[in-house]
Amino acid sequence: MAVSDEQYDPQALQEKWQARWEALDPFRASEDPDDPRPRKYLLDMFPYPSGDLHMGHGEVFAIADVIARYWFQRGYNVLHPIGWDSFGLPAENAAIRRNAHPAEWTYANIETQATSFRRYGISFDWSRRLHTSDPEYYRWNQWLFNRFFERGLAYRRGGLVNWCPQDQTVLANEQVVAGHCERCGAEVIRRELTQWYFKITDYADRLLDDMAEVQDGWPERVLTMQRNWIGRSEGADVRFRIEGRDEPVTVYTTRPDTLFGATFFVVAADAPLAEEICAPDHLDALIAYRAEVAKLSDIERLATDKEKTGVFLGRYAVNPVSGERIPVWAADYVLSDYGHGAIMAVPAHDQRDLDFALKFGLPVRVVVHTGLADPGESGVATPGEGTLVNSGPLDGLAKTEAITRIVEILRERGTGDAAVNFRLRDWLLSRQRFWGTPIPIIHCADCGEVPVPDDQLPVALPDLRGEALAPKGVSPLASATDWVNVDCPKCGGPARRDTDTMDTFVDSSWYFLRYCSPGDETAPFDVERLKRWGPIDQYVGGVEHAVLHLLYSRFFTKVLYDMGLVGFTEPFLRLLNQGQVINRGKAMSKSLGNGVDLGEQIDAFGVDAVRLTMIFAGPPEDDIDWADVSPAASQKFLARAFRVMAEAGAASAPGADPATGDTELRKVAHRTIDEVTRLVESHRFNVAVARMMELTSAARRAIDSGPGAADPAVREAAEALAVMLSLVAPYCAEEGWERLGHGPTIARAGWPVADPALLVQESVTCVVQVAGKVRDRLEVSPEISEDELRTLALASDKVRAHLDGDPRKVIVRAPKLVNIVP
RNA sequence: GCCCCCGUAGCCCAAUGGCAGAGGCAAACCCCUUAAAAGGGUUCCAGUGUGGGUUCGAGUCCCACCGGGGGCACCA
């Protein structure tokens, strides 16, 4: 055997095996309904083609591939698809800069990433590849939009919306993070615009309640974030009469028990209601106040420490239960799009109302006795529990009883009822940009909003490029006159296409359904095939989508369920959020100059070593600081493992009876198989790798100073190692598998099975403690009884030396521990 | 301000309430080698952020604090 045969040359292995794997195509999922193998659906969040793959991709896909390859080895029919989330702004911005079409940049990047994925050795079923910017894909966005429209789940309305001045488009609430655009970071402003919405609020209750289905499969923090985002609250609607106005005004409150403590009334300054209510001689003040508020950015307006502002509207509201007259104010701390855009203010028990009352000298009346200082004097509201006072029929009641009682009273009088409110707003889906799915609506002067008939889909994007795409506040599509002007599908008269495109989160809300039947030309997905594959067994991706993509996908799934197209209500049974790859304690960035290039790492250490480093660095959820890990060390380990496989392969042929091999090594191998199996199942991949390292060392010792490379136990260990290692380092494992005399591919080798007979230990070391200190160790049978062990322990000389008479207590945990309390 | 997660050798990380160390990095040394690299091996290193509590027994459970990370923050 030549030494060079045992040398581990990652680059050579990559070249050799990548081509062979592509020919063998071992990861194609079977659609044969008679395939007896149980199915598993593993999904990675599909990439946006921003350039080549980066370190973050390297981590997610390495992690997900461990799970996918494990399932393949366990004999599942695995669906592990790949596609690209290829609509979106960066392509458009690049196209403007280069005077090109967004498709050029997009599809070039997709090819680059696809090539990198193939080299990275991920176990994809490439036959299902999709790109959301293909007309064959976005056609179905439009088809789905039409279905939503028919059901009243897609509608157009005017209102204040979030506008990103940088990207020149509106944004959904979910895409505004702390007042800034989620994508570009610019400060978001409010504009009054007529836009398309999806009625996700109709599903608020189910989005909340169905979380029970994934309670055990999703990270707690993602569930918490979604719960907070949906923001369900329970309370009551209360109708107040406004003097000088026929229509009463309804307010929502979570504390109807404090109704008697309402000392003023506030409407959102920006709501139309404010001017409707406003007394004529106060209108100038309101208009002036509105102008002041409009000058503020959202950041300033929403700052919690901002001083309260407002203006009296010259009107009084009448408390429906006490009959008390209270002044009506307009203020910007009341939001026009939550509840009814108006509140009853109870300064004693709500800090915001108290701040306002103190600023404007409004009365503060305690109606819940909490035992704390009077808020009117302390300046601190008392929102907690207590006994009702100054509240007529509620006096003496505790909070929950008072709420029940007051709701009864309101109901009897017809001035209110229990109510539920959500923080969740409808999903604004229009975008004033080009590189997205055209909204398939035609506006006709006579017929109104007319959907483009299904048989005329897709409404393809017109061919615009370069300067024509520059943001100008209205969609670039508006300038494509030939495209815009069409005949109304209903009456045939002149009409105009809607010129906005859809939020690209629409694309990703159902792509996982399309993977089951990517080429389907008659439907977005094949219902029968989806029944076999769905829902997704394991989803892997970043936590940044906790309330974006994941919430929208859950919404889509529920709508499609109601349409009878999907057989499940939750799309993702288990969710794994991988950590980030950082460098020297900080996120990689150009400005910090601490970027690490995935391609360069692979060139230097090989695909397997990079993947192994990602997996071995720590738990998958944790961030990896690339400065703390060593791909060079990973490469060394792989070389070591490779030599074990190569030497075992050279010394023996397949088929030897392992039972004739060295028992000690066999025990190590089988214990490793057993543990690695459990560790992979529980996603503790870093520990699984540590076990593989131990097995490699044990095999090394067996070859060098034990029974030798030809021993069947060495072969058995090397073969098991190869298969386990193939989850993380497929090239090294495949070559090792070949050296061990097996044909390609190791992907079909099958997971090793631990022999229970080799897992039992003949003896266990039992620790004997006296008062918690170890005083003796006994070699005992694993099956020893408690009584036997107690007798044995008490008979020990070393133990007796520390005992003074009879022990008070003896705790026996057979077979591993005895603790004697003297 | 409120809520959640995490603090274990110089570093990354293990440890069903039961002997604090599985694995790796770094360091030192030995073997192999003409030499170096590669390879093989040995050794060094913390009492688990701090202070209480529960328990026969706490890194693990509870409370408070300190430090780091994350989420929410006028939603009535």
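Mentor: Before we look at this predicted model, keep one rule in mind: two strands pair if DSSP finds at least two bridges between them.

Trainee: Okay, so which order do the strands have in the open sheet of four?

Mentor: The order is E6-E5-E9-E19, and the pairing in this open sheet is antiparallel. Strand E6, covering 169-171, and strand E19, covering 427-428, are the edge strands, since each of them pairs on one side only.

Trainee: How many bridges join E9 to E19?

Mentor: Two bridges join strand E9, residues 189-198, to E19, and the two strands run antiparallel. If you look for the residues facing each other there, you will find Phe-198 standing opposite Trp-427 in E19.

Trainee: Which helix packs on that sheet?

Mentor: Helix H6, residues 135-150, packs on the sheet, where it touches strand E5 (154-164) and E9, and the direction of H6 makes about 90° with that of E9.

Trainee: What about Ile-200, is it buried or exposed?

Mentor: Ile-200 is buried, because its relative accessible area is 0%, and a residue counts as buried when that value is under 20%. Ile-200 lies in the loop between E9 and helix H7, which spans 204-209.

Trainee: And what does Ile-200 touch, leaving out residues up to four places away in sequence?

Mentor: Its contacts include Leu-207, Leu-424, Arg-425, Trp-427 and Phe-555. Notice that Ile-200 and Arg-425 are 225 residues apart in sequence, while their C-alpha atoms are 7.4 Å apart in space.

Trainee: Switching topic: which residues of helix H19 are buried?

Mentor: In H19, residues 598-605, the buried ones are Leu-598, Gly-599, Gln-601, Ile-602 and Phe-605. They cover an arc of only 160° around the axis, so they are on the same side of H19.

Trainee: What do those buried residues pack against?

Mentor: They pack against helices H2 (10-24), H3 (55-73), H5 (102-120), H20 (607-616) and H21 (631-651).

Trainee: Which residue caps the N-terminal end of H19?

Mentor: Asp-597 does, with a side-chain oxygen lying 3.1 Å from the backbone nitrogen of Gly-599. Just after H19, Gly-606 takes a positive phi of about 95°.

Trainee: Last one: how do E31 and E33 each run against E34, parallel or antiparallel?

Mentor: Strand E31 (residues 764-770) runs parallel to strand E34 (residues 817-821), with four bridges joining them, and Val-770 stands opposite Ile-820 in E34. Strand E33 (residues 809-813), in turn, runs antiparallel to E34 with five bridges, and there Arg-813 stands opposite Leu-817. E33 and E34 form a hairpin, with three residues between them.

Technical notes:
Residues are numbered from 1 along each chain as its sequence is written. Chains are lettered from A and ligands numbered from 1 in the order in which they are written. This is a predicted model: local features need pLDDT of at least 70, side-chain atom pairs count only at pLDDT 80 or more; totals for chains, interfaces and linings use all residues. Side-chain values use heavy atoms; hydrogens and water are left out. Contact means heavy atoms within 4.5 Å. Axes are lines fitted to C-alpha atoms, for helices over the stretch in contact, and angles run from 0 to 180 degrees between N-to-C directions. Buried means under 20% relative accessible area, exposed over 50%, partly exposed in between (1.4 Å probe, protein chains only). The arc is that of the directions from the helix axis to the C-beta atoms. A polar contact is a pair of N or O atoms within 3.5 Å; within protein, one must be able to donate a hydrogen and the other to accept it, and residues adjacent in sequence count only if both atoms are side-chain atoms.
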